[in-house]
Amino acid sequence: MGKKIKKKNKKTKKKKYRGSVLVSGASGSVGSFVTCLLVARGYRVVAVTRHLEKQNRLYRFGAHSTIILEDFLAECSEDGALGIETYVGVVDMLGEGFTNACLPRLSRGGVCVSLGALCGPIASIPMAPFVR
């Protein structure tokens, strides 16, 4: 008799966990699209938004957790470079102020992508967090 071949159901196949990615401006059109793409690729998305009422929408897009921008910035200023959670990636649509706050939380070898500059046209990023 022939060998039985097992096939995995792609719908029930558990996705490999690839790490957490912080997405700023996640409730906007580009941010929500980026959130959906990252979730589909197996990343745990932490969605940052300015609007408390849009959190449920972000959960529907697959975000693992959400945080209000002001709360995130306050948390970053409290713990500085010794952040509780680190991220394998940051997708930033806000610009300088947000980028500077989240860079210390980027894990070694992590990737930061900046798509916008709503907080200001010039980005002045300190290099100290990257010097080891």
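This is a short tour of a predicted model, stop by stop. Residues are numbered from 1 along each chain as its sequence is written, and side-chain values use heavy atoms, without hydrogens or water. Local features need pLDDT of at least 70, side-chain atom pairs count only at pLDDT 80 or more, and totals for chains, interfaces and linings use all residues.

**Stop one: helix 1**

Select residues 29–40, which form helix 1. Helices here are DSSP runs of H or I with at least four residues, strands are runs of E with at least two, and both are numbered from the N terminus. Now pick Ser 32 in this helix. Ser 32 is buried, at 7% relative accessible area. (Buried means under 20%, exposed over 50%, partly exposed in between, with a 1.4 Å probe and protein chains only.) Show Ala 26, Arg 57 and Phe 61: Ser 32 touches these, leaving aside residues up to four places away in sequence. Contact means heavy atoms within 4.5 Å.

**Stop two: the aromatic pair**

The structure holds one aromatic pair. Select Phe 72 and Phe 98: their ring centres are 5.4 Å apart and their planes at 35°, so the pair is tilted. (Rings of Phe, Tyr and Trp, using its six-membered ring, pair with centres within 6.5 Å; planes under 30 degrees apart are stacked, over 60 edge-to-face, the rest tilted.) Phe 72 sits in helix 3 (residues 69–79) and Phe 98 in helix 4 (residues 96–102), 26 residues apart. Phe 72 is buried at 1% relative accessibility. Phe 98 is buried at 1% too.

**Stop three: strand 4**

Select residues 87–92, strand 4, where five of six residues are buried. Strand 4 runs parallel to strand 1 (residues 20–24), joined by three bridges. Five bridges join strand 4 to strand 5 (residues 106–114), also parallel. Strands pair if DSSP finds at least two bridges between them. Finish on Gly 89: Val 21 stands opposite, and Val 111 is its bridge partner in strand 5.
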